[in-house]
Amino acid sequence: MSTFTTLATGQKMPMVGLGTWKSAPGQVKQAVLAALDCGYRHIDCAAAYGNEQEVGEALALRVGPGKALCRDQVFVTSKLWNTKHDPSDVEEACRTTLAHLGLSYVDLYLMHWPMAFQPGKELMPRREDGSVCYSDTHYTDTWVAMEGLVDQGLVKAIGLSNFNARQMDDIIRVARHKPVVNQVERHPYLAQVDLLAHCRSAGVCLTAYSPLGSGDRPWASGEEPRLLQDPQLGEIAQRYSKTPAQIILRWHIQNGVVCIPKSVTPSRIHQNYNIFDFQLSEVDVKRIDALNLGHRFVAPTVERDGKRFWRDAEHPYFPFNDPY
C-alpha cells in the first residue's frame with residue numbers, strides 16, 4: 001500500500017503524519033526533528049496549539065536550501081482558530097502562522113472548528129461566569145475568505161476539521177476551492193463509518209486526529225474505556241508481533257484514512273511510522289471495525305450538577321448535535 005494519498009488538488013499527502021496537539025513547549029521541536037529523521041514527511045500543526053514557533057525552529061534545521069529536505073518534500077498542515085473566523089481576520093491569522101513556522105506557504109490550511117468565537121487575542125474568550133463568548137460568523141463566510149489564501153499562494157489547499165456531513169455539504173455548495181480534507185476524531189471506538197462514507201462520496205480525504213484514543217488528554221476519566229488496553233487489540237497485536245498502537249494505525253491506513261498520531265518520545269515516533277511492513281487480514285480489520293462504540297474522547301465538555309455536558313452544544317454551529 002502506498003504511503004501517500006492523492007488529494008482532489010493532485011497533491012500527495014502522506015498517510016501518516018506527526019500530530020503536535022498537546023506537545024509541550026520544549027518537547028515539540030525535538031519531536032519534529034525525530035519524526036523527520038525517521039521518515040515522516042507530514043507535520044500537523046495549529047495556531048491554537050501554541051507551539052508553531054518551535055515547530056518552525058525544527059523545520060528550519062531540516063527543510064530548505066542546503067538542508068536534508070527540500071520544501072516540497074514535507075507536507076505541513078495548520079489550522080485557523082475560532083477567534084479568527086471573521087473574514088477580515090483570516091489572512092492575518094494565516095500570515096502569523098506562516099511567520100511562526102518560517103514558511104512561505106502551508107500545504108493545507110483547515111478551519112479548526114465550524115464554530116466562531118468572539119474575535120480578539122484570547123484563545124478562549126470568556127464571560128465572568130466562565131462561559132465562552134461566541135460569534136455568529138457563519139463558516140461559509142469564513143470559507144470564502146480562506147479561498148483567497150489559495151488565490152494568493154499562501155496555502156496550497158484548504159479543508160475542514162470537526163465538521164459534520166451537513167456542514168461539509170454547506171461548504172461544498174458555496175466553494176470555489178473545494179475542501180480536500182475533513183480532519184476529525186477517529187479511532188476504533190469512534191469509527192465514523194457514515195462520515196467516512198460521505199467524505200469518500202464527496203472526494204474529501206478523512207484525516208484521523210487522536211487516532212490512538214488520546215489517552216494523554218488532561219481531562220481523561222478513569223471510567224472511560226482505554227483503547228490501547230483493549231484485550232482484542234492486544235491479542236491481534238501479539239499475532240502480528242506489533243504493538244496495539246501499530247495495529248490501530250495500520251487499521252486506519254487500510255481504511256484509506258490519513259492519521260496523525262502525537263508523540264514526543266523518539267522511540268514511539270519511530271514505532272508509529274513503522275506500519276508499512278505488514279497487512280492486517282480482512283478478518284482482523286472487521287474485528288477492529290466491530291469495536292466501534294461511537295465514543296468521543298475529545299469533545300469539549302463541562303460539568304454541571306454532577307453531570308458532564310458538551311461545552312459548546314448551545315452554539316448554533318456545534319457539529320456533534322447531528323448524527324454524523
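This is a predicted model: local features need pLDDT of at least 70, side-chain atom pairs count only at pLDDT 80 or more; totals for chains, interfaces and linings use all residues.
Which residue just after α8 takes a positive phi? I looked it up: Gly 256 does, at about 75°.

**Entry: helix α8**

Since I was already there, I checked the helix itself. α8 covers residues 244-254 and is mostly covered, with nine of its eleven residues buried. I wrote down the buried ones: Ala 245, Gln 246, Ile 247, Ile 248, Leu 249, Arg 250, Trp 251, His 252 and Ile 253. Then I asked myself what covers the buried residues of α8.

**Entry: the loop after it**

Next I moved on to Asn 255, which sits in the loop between α8 and β10. Buried or exposed, this Asn 255? It has a relative accessible area of 14%, and the cut-off for buried is under 20%, so Asn 255 counts as buried. I also listed what Asn 255 touches, leaving aside neighbours within four places in sequence: Arg 186, Leu 196, Arg 200 and Asp 289.

**Entry: the sheet**

I traced the strands one by one. Eight of them make an open sheet with parallel pairing, and I noted the order as β3-β4-β5-β6-β7-β8-β9-β10. The edges belong to β3 (18-19) and β10; each has a single partner strand, so one side of each has no neighbour in the sheet. I remembered from class that strands of a sheet pair through backbone hydrogen bonds, either parallel or antiparallel.

I zoomed in on one pair. β8 (residues 181-185) runs parallel to β9, and five bridges join the two. Across from Glu 185 I found Tyr 209, which is in β9.

In soluble globular proteins, nonpolar side chains tend to be buried together. I went looking for that here. The largest nonpolar core has 90 residues, and the ones touching the most other members are Leu 59, Tyr 109 and Val 155. Helix α1 (residues 28-38) supplies the largest share of this core, seven residues. There is also a second, separate core of nine residues, and I spotted Ala 48, Trp 81, Trp 113 and Phe 117 among them.

I went back to Tyr 109 for its contacts. Not counting residues up to four places away in sequence, Tyr 109 touches several residues, including Ser 78, Lys 79, Leu 80, Ala 93 and Cys 94. Further along the chain, its contacts include Met 146, Leu 149, Val 155, Ala 157, Ile 158 and Gly 159.

I picked the second largest pocket, which holds about 480 Å³ of space. Its lining has 24 residues, and closest to the centre I found Ala 47, Ala 48, Thr 96, His 100 and Leu 123. The elements giving two or more residues to this lining are α2 (52-62), β5 (75-80) and α3 (87-101). Which of them gives the most? That's α3, with six residues. By class, I got eight nonpolar, eight polar and eight charged residues in the lining of this pocket.

**Entry: a cavity**

The largest cavity has about 80 Å³ of space. Twelve residues line this cavity, and nearest its centre are Phe 163, Asn 164, Leu 195, Arg 296 and Phe 320. I sorted the cavity lining by class too: six nonpolar, three polar and three charged residues.

Definitions and conventions
Residues are numbered from 1 along each chain as its sequence is written. Side-chain values use heavy atoms; hydrogens and water are left out. Buried means under 20% relative accessible area, exposed over 50%, partly exposed in between (1.4 Å probe, protein chains only). Helices (H or I, at least four residues) and strands (E, at least two) are DSSP runs, numbered from the N terminus. Contact means heavy atoms within 4.5 Å. A nonpolar core is a set of buried Ala, Val, Leu, Ile, Met, Phe, Trp, Tyr and Cys residues joined through side-chain atoms within 4.5 Å. Two strands pair if DSSP finds at least two bridges between them. On a 1 Å grid over the protein atoms alone, a cavity is a set of points where a 1.4 Å probe fits but cannot get out, and a pocket is an open set with protein on both sides within 12 Å along at least five of seven lines; lining residues have an atom within 4 Å of a point. Grid points are joined across faces, edges and corners, and a volume is the space filled by probe spheres set on the points. Ala, Val, Leu, Ile, Met, Phe, Trp, Tyr, Cys and Pro count as nonpolar, Asp, Glu, Lys and Arg as charged, and the others, Gly among them, as polar.
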